[in-house]
Amino acid sequence: MKSFPWGRVAFFVTGNTCKFDEARMVLAEYNVATAMLRVKAVEIQDDSVEEVAKVSAIDAAKKCGLPIIVEDAGLFIEGLKGFPGSYSSYVYRTIGTKGILELMENVEEREAYFHSVVAFSSPDEPPRCFHGKAEGKISREEKGSHGFGFDPIFKPLNGHDKTFAEMTKEGKNKYSHRALALGEFAEWYTSGFQK
Ligand code: IMP
């Protein structure tokens with residue numbers, strides 16, 4: 001069983017303060033403090049969210065000289081054959097939520113899911129990945145002002161017909177892909193890296 005020479009802290013490499021706040025709340029439930037490290041890590045393009053997260057984590061751990069986590073997510077829309085998937089970041093920057101709603105104007109199949117991968121890496125160990133999935137639907141219009149990215153158009157299953165953007169961070173964390181992946185990570189991290 002490993003100890004935490006740096007204290008019970010997870011070093012989260014991200015520039016996204018919304019992601020950081022969501023992670024901080026989840027990890028606090030496991031008595032793990034979260035530190036935000038703004039390090040420019042490599043971000044490759046690949047069909048697999050896991051591969052993107054892994055490569056970033058290895059690069060970030062090398063650059064920081066610390067055990068770190070990174071998190072990558074993608075939105076997979078069934079009616080668009082899984083688009084934008086691991087290319088969500090590019091699609092968000094280019095056509096955004098409005099572009100997705102336009103693409104889906106005549107699409108009845110609105111099921112979609114977010115897939116999150118939390119990748120842990122340290123300078124002397126291979127990376128390890130933890131997954132989370134949030135199933136839901138793409139709404140017909142944007143709703144809500146909280147959160148980020150595709151939150152205004154994603155309604156999680158059993159979320160009382162609200163989009164993520166209509167929920168507080170605590171509310172979103174009850175359903176979110178990221179909260180699930182971080183929970184898996186936290187179980188492992190606080191068990192002294194067992195299993
Ligand atoms: P990233 O590469 O993990 O930052 O995520 C790729 C893109 O997916 C981002 O640009 C966001 O637009 C979107 N995204 C990731 N996670 C979420 C989320 O929890 N809610 C809404 N959009 C998200």
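How far is the sulfur of Cys64 from the closest cysteine sulfur, and in which residue does that sulfur lie? The sulfur of Cys64 lies 17 Å from the closest cysteine sulfur, that of Cys129, which is too far for a bond. The structure holds zero disulfides, a disulfide being a pair of cysteine sulfur atoms within 2.5 Å. Cys64 counts as partly exposed at 23% relative accessibility, whereas Cys18 is buried with a relative accessible area of 19%. Here buried means under 20% relative accessible area, exposed over 50%, and partly exposed in between, with a 1.4 Å probe and protein chains only.

The model is predicted: local features need pLDDT of at least 70, side-chain atom pairs count only at pLDDT 80 or more, and totals for chains, interfaces and linings use all residues. Residues are numbered from 1 along each chain as its sequence is written, and side-chain values use heavy atoms, with hydrogens and water left out.

Helix α6 covers residues 177-190; helices (H or I, at least four residues) and strands (E, at least two) are DSSP runs, numbered from the N terminus. The expected span of a helix is 1.5 Å times one less than its number of residues. For the 14 residues of α6 this gives 20 Å, and the end C-alpha atoms are 20 Å apart, which agrees. Ten of the 14 residues of α6 are buried, among them Arg178, Leu182, Phe185, Trp188 and Tyr189. The cover over these buried residues includes β1 (9-13), α1 (17-28), β3 (68-77), β5 (111-122), β6 (125-138) and α5 (169-175), where contact means heavy atoms within 4.5 Å. At the N-terminal end, Ser176 caps α6 through a side-chain oxygen 3.2 Å from the backbone nitrogen of Arg178. Just after α6, Gly192 adopts a positive phi of about 75°.

Helix α4 (residues 96-103) has Gly96, Thr97, Gly99, Ile100 and Leu101 buried. The buried residues of α4 pack against β3, β4 (84-85), α3 (88-94) and β6.

Attention now turns to the ligand. It is surrounded by 16 residues, of which the closest are Lys19, Ala73, Asp151, Lys172 and Arg178; a residue is near a molecule if one of its heavy atoms lies within 4 Å of it. A polar contact is a pair of N or O atoms within 3.5 Å; within protein, one must be able to donate a hydrogen and the other to accept it, and residues adjacent in sequence count only if both atoms are side-chain atoms. An N or O atom in the side chain of Asp72 is 3.0 Å from an oxygen atom of the ligand. A backbone N or O atom of Phe150 is 3.0 Å from a ligand nitrogen atom, and a polar side-chain atom of Lys172 is 2.8 Å from a ligand oxygen atom. Taken alone, the ligand exposes 470 Å², of which the protein buries 91%; accessible areas come from the Shrake-Rupley method with a 1.4 Å probe, and for residues only the protein chains shown count as cover.

Lys63 belongs to helix α2 (residues 49-64) and is partly exposed, with a relative accessible area of 47%. Its side chain reaches the backbone oxygen of Lys40 at 2.9 Å and makes a polar contact with the side chain of Asp59 at 2.8 Å. Not counting residues up to four places away in sequence, Lys63 touches Val39, Lys40, Ala41 and Val42. The C-alpha atoms of Lys63 and Pro123 are separated by 8.8 Å, although these residues are 60 residues apart along the chain. Ser122, in strand β5, is buried with a relative accessible area of 8%.
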